[in-house]
Amino acid sequence: MRVSALPRFWAFIVPIVSVVVALLIASVIIIMIGKSPIEAYTILLKGAFGSSSAIANTIVKTTPLILTGLAVGFGFRAGVFNIGAEGQMVMGALMATLVAINLGSVPPFIAITITLLVGMLAGAGWAAIAGYLKAKTGAHEVVTTIMLNWIATYLSSYMVQVPLAVGSGTPKSPEIAPSTKLPELLTVGAINMNAGIIVSIIAAILLYIILEKTTMGYEVKAAGFNPYAAEYGGISLSKNITMSMAISGALAGLAGAIELTGVHYRFLGTLSGGKGFDGISIALIGQNNPIGIIFAALLMGALRTGSNEMQFAGIPKHIVMIIQGIVIFLVAADRIVRTSMIIMDKKERIAQETKRFVKRAVILSIIIIVSMFLSKEGLWSFLGKFGYYVGKVFWVIELVSLLSLMIVVALYIISAVISLGMVYSRRKKVKS
Amino acid sequence: MSYEDYAVVMKGIVKRFPSVLANDHVDLFVKKGEIHAIVGENGAGKSTLMNQLYGLLKPDEGEIYIFGKKVDLKGPKDAIANGIGMVHQHFMLVDNLTVAENVVLGSETTKSGFLFDLNEARKKVKELSEKYGLLVDVDAKIEDIPVGMQQRVEILKTLYRGAEILIFDEPTAVLTPQETEELFDVMRRLKEAGKTMIFISHKLNEVMEISDNITVMRLGKVTANLKTSETNEVEIARAMVGREVVLRIEKPPHKPKEVVFETEDLWVKDNRGLDAVKGVSLKVRAGEIVGIAGVAGNGQTELVEAITGLRKIEKGKITLLGQDATGYDPRRLRDMGVAHIPEDRLKHGLIVQYPAYYNMILGQQWWYPYSNRGFLNHQVIYETTKKLFEEYDVRPRDINMFGGNFSGGNQQKLVVAREINAKPKFMVVAQPTRGLDVGAIEFIHKTLLKMREQDVAILLISMELEEIFSLSDRILVMYEGEIMGEVRPEETTVEEVGLMMAGKKLEEVRS
Amino acid sequence: MKVLEALLSIFINPQFYKIALTASTPLIFASLGGVFSEITGVTNIALEGIMLLGAFTSIVFTFYTGSAWFGILMAVLVGIGFSWLHAWASIKWLGNQIVVGTALILIAQGITGFLMKPIFGRPGQTDFIGRINDISIPGLRNVPFLGEAIGEINPLVIIAFVSVFVSWFIIYKTTLGLRMRSVGENPEAADTLGINVYKIRYFGVLMSGVLASLGGAFLSVGETGNFKELMSGGRGFIALAAMILGNWNPIGAMLASLLFGASEAYANLLQSSKLIEVPASVKPLFNMVPFIVTLIVISGFIGKTRPPAADGVPYEKAE
């Protein structure tokens, strides 16, 4: 088996291209429902970064995403696919709530520490069930964690409907004790930016140190790469799987506890809202690298915040899910992206590839213009009702070729930038 | 020029891989009805050449003629249509299907087009097996039949497809000397029936016995075309490695000391839950190499895994340095001084995605000074790796290169260096030279003998009888999970060991 | 005693069998889909997403055309298209099959949620759109017990059971089935015999699209007649568990699906049992039953069944 020896930045090229392609595909979907993608993305950007309160909101949204991204990413490094961050987050928040509503008489610093620890423990315990089952019986963690997700969901909705229920309207728990609330860093308008972001970033740095500098990290990664060799090298697989799942779950549980103590102050049954699943795309975009994950989470947090604004403009926020799905798809099948990258490191290649690119672009443009004309309303009306569909077909052709053109252009630009970078770095090496 | 008299002609074949030139203008002429041997070391390009003849690979340059007709083989399908059949080294059989199903797979007997006609398949396979004397049980599942029979199924597969030219890729590697004789009988019968055969091997005695003509390859090129009746092993060997080879290495006398490792009535199960090791008892002394001979798949793998803590011990006892070590995990065993050169370096021995310096501490990563209070000491790790790279001549000298990017021989050197650097008291060495070239084999053999002189206890498991004979102080022969007997290399013969490998107890052999 | 009576009385309630059949049907379809895909060596955890898309598509086309059968036809076509994405990424491009599956689940959830408003004018849930009516079986309707249980039955339920036997027949009695099994077990061996591994795997994955999509369609046009967001509710994963428990055999998968369906029906009926007072407050907990049963069964039985040897391993021709 050959391992790619490409420069390090290559690792992030695939996720970056994937995000670009996903945004392009999503823009076509937006056109299809009759909206303007440019307007949509402008709203999204404004919603995420347009004002100080928007930025604060984005950071608040990013906080738990860093942690769920770390949870999934750490799992990937250890060779387990923790698709259950969702349930672990819920369990973390739920248990933290049970403790936090009773910590009124404890000084804040201790109370917060206890609450967050309980959240971590609960998440760790919930994930460790799946880890233990995998280690003991070989039950695949994807199936077991999904089952645990559903159990957690129903359990939490039961908890807020019955034992913890207060007030009327949306089911919710009582508010947690004031001493357990995370301190606010700053308040912008209606948005309180809590100290959770600091906790998340510290967690990312700690995880980076564990993975890269410690013996434990060495063993976790070894087991993830090649379990047989790891076992041969004195690493207990069953211990490692359970422990990795527990650490992964602890991070997700911490995310739940921070949401509780920093944002909602009470347990709502639907607290997680897909943040666990977001962790998967974040981990993949961040290439399971803790520092990369911080940036990937920021991207996803911005998408989440901005998409709320898009919702007001009539674009369902599910578009974010579609974007995420496409990104995960392309990162998982990364050869699709890698194969479509063109390295133009020699003069002949530049000419050759540019010629091919221009040819493609021209053909696609012609198709677009022709089908634009052919899809004009009323053009096919002599065919009656059938004509309406003919027009629609050309409209779809137009959109698809427009999309292809955009992707071709994007790939060419990105390839050109990479090629330049490679040539440049090679020159530098030669000089030194 | 006409190639009418030849079953196979390959002219000017060139095949390039990203890192090597696997075939460099190779010419091959195989006459109708002969057994033609192709010999060469691992990596000489034999398999690549044959994969092109079988349509699995496409030549970059060159032409192929079958029975005088130029062909363009786009895939195995074309090769089969041209009457070529291949008996692969690693059997290409589907474990959970029956013998009959395996034989007809891909060109099934059918009823009304799409229904599979199992009865017809069974009948045809039976007829075929009787015609050529290839005994098989048509209804048995592949996973339940012995290796020898699996090979016969492979041969039947080619005959069922009407093969006139059969390629045998290292067919004897998994057989006992006696099973090898049986295979040769089958091959002679096939020759009588007019079939042409290509026999790939690196075992010279076998080539001398069965072939009519020999093509020798080295580093992707043909170095000799010989007529078997007019040549000898020395000449072939010279063409194979490009220099005179010392067929055996010097083993200085050395007196073994106290018993380091001992098993008593050891029972181990395989992956399917069947008994693979049945009551093995053995002792290894300090400064002694104990060799375990046997055909692959007779419980050696399971024995090694049990000894090194990778597999559960069902029954029995392991004593290490006078201490009961039954059921210890690999970590604990390593702490006690056990090292292990695994038979499959890519599965067990290396983490291909880790750089060399991380691979150099695998299995020792928790030891001081590599690990200090839970943190890795990268500086020490780099320096140790650099030192060992020099000492063991691992190439290239790039400690940042990923484990997977080294060549097979250098990967093995890396593993050997690491295990010896652990300063073991007991070493389990499984198939240490599989797939290596002569130079690397010599190096590893010398290293093992040096360890013996330093009073390390060594258990050597190998399928290569020659290796066992030249290194071991004592030889144990394993068959179906049991020890058939213990002999000393200087007091026994290959035939005697061969009979034990085929399941005869030492007493039976000698009586 | 009363508790025991309540627990047992469910088994003599014909409603139990009716509900169990209904609950099992989508699982049977989806787990058959899983069998087709995995027996050729491609793990398909996207079943959940394909089901959801199937449920959605069938409702959309029922909404536009008024014909639920046409809706089902379109669901099947969309299922094929969607599973083709899985096949393309994981067979041609050797992607990580589990991660690709996860991506497809997200895309399915995203698309169905996204299109709710543009098509139906409101998010979340549609009104009743239309469903395939139950047919009554003349001979059975008046038989005392059976009549109540299966006297009136949805045609899709019958199709599900027919599919089980057709699948079994294809897999174990035809040349195609023999080739499918060989490709899932040892693709290299099949390849050397001139069998096109990629084509066979594509076939397996596309079949899983057809079947899982039918399972999804049953949820909407077979059962409720409307569509809700995320209505597949984890059934795709329970179907995977059923496939494992059924040892990758269509009949086994059907039996396991029946078991899971029965557990759901049992929990349902226990909530409304008149013999014991189930406090209203505890009832939400009963929803957890199918998931807990699946979790226990999957951990208890795994390892005792044997997956195809090359399951989940991308096949790359040797160079």
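Colleague: Is B:Glu61 buried or exposed, or partly exposed?

Modeller: Partly exposed, because its relative accessibility is 34%. Bear in mind this is a predicted model.

Colleague: Which residue does B:Glu61 form a salt bridge with?

Modeller: B:Arg16, with the closest N and O atoms 3.2 Å apart. The pair links distant parts of chain B, 45 residues apart: B:Glu61 sits in strand E4 and B:Arg16 in strand E1. B:Arg16 counts as partly exposed too, at 45%.

Colleague: OK, and what about B:Glu419 and B:Arg334?

Modeller: Those two form a salt bridge as well, at 3.2 Å between the closest N and O atoms. B:Glu419 lies in helix H14 of chain B and B:Arg334 in helix H10, so the pair ties together parts 85 residues apart in sequence. B:Glu419 is buried at 0% relative accessible area, and B:Arg334 counts as buried at 5%.

Colleague: Which residues do salt bridges with shared partners join into one network?

Modeller: B:Lys15, B:Arg16, B:Asp60 and B:Glu61.

Colleague: Switching topic: how many salt bridges are there across the interface of chain C and chain A?

Modeller: The rule finds 1. It's between the side chains of C:Glu316 and A:Arg335, at 3.3 Å from N to O.

Colleague: What does the buried area there come to?

Modeller: About 3800 Å², with carbon and sulfur atoms giving 86%. On the chain C side, C:Trp93, C:Leu106 and C:Phe114 lose the most area to chain A, together 19% of what that side buries.

Key:
Residues are numbered from 1 along each chain as its sequence is written. Chains are lettered from A and ligands numbered from 1 in the order in which they are written. This is a predicted model: local features need pLDDT of at least 70, side-chain atom pairs count only at pLDDT 80 or more; totals for chains, interfaces and linings use all residues. Side-chain values use heavy atoms; hydrogens and water are left out. Buried area is the accessible area (1.4 Å probe) that two parts lose on being put together, summed over both. A salt bridge is a side-chain nitrogen of Lys or Arg within 4 Å of a carboxyl oxygen of Asp or Glu. Helices (H or I, at least four residues) and strands (E, at least two) are DSSP runs, numbered from the N terminus. Buried means under 20% relative accessible area, exposed over 50%, partly exposed in between (1.4 Å probe, protein chains only).
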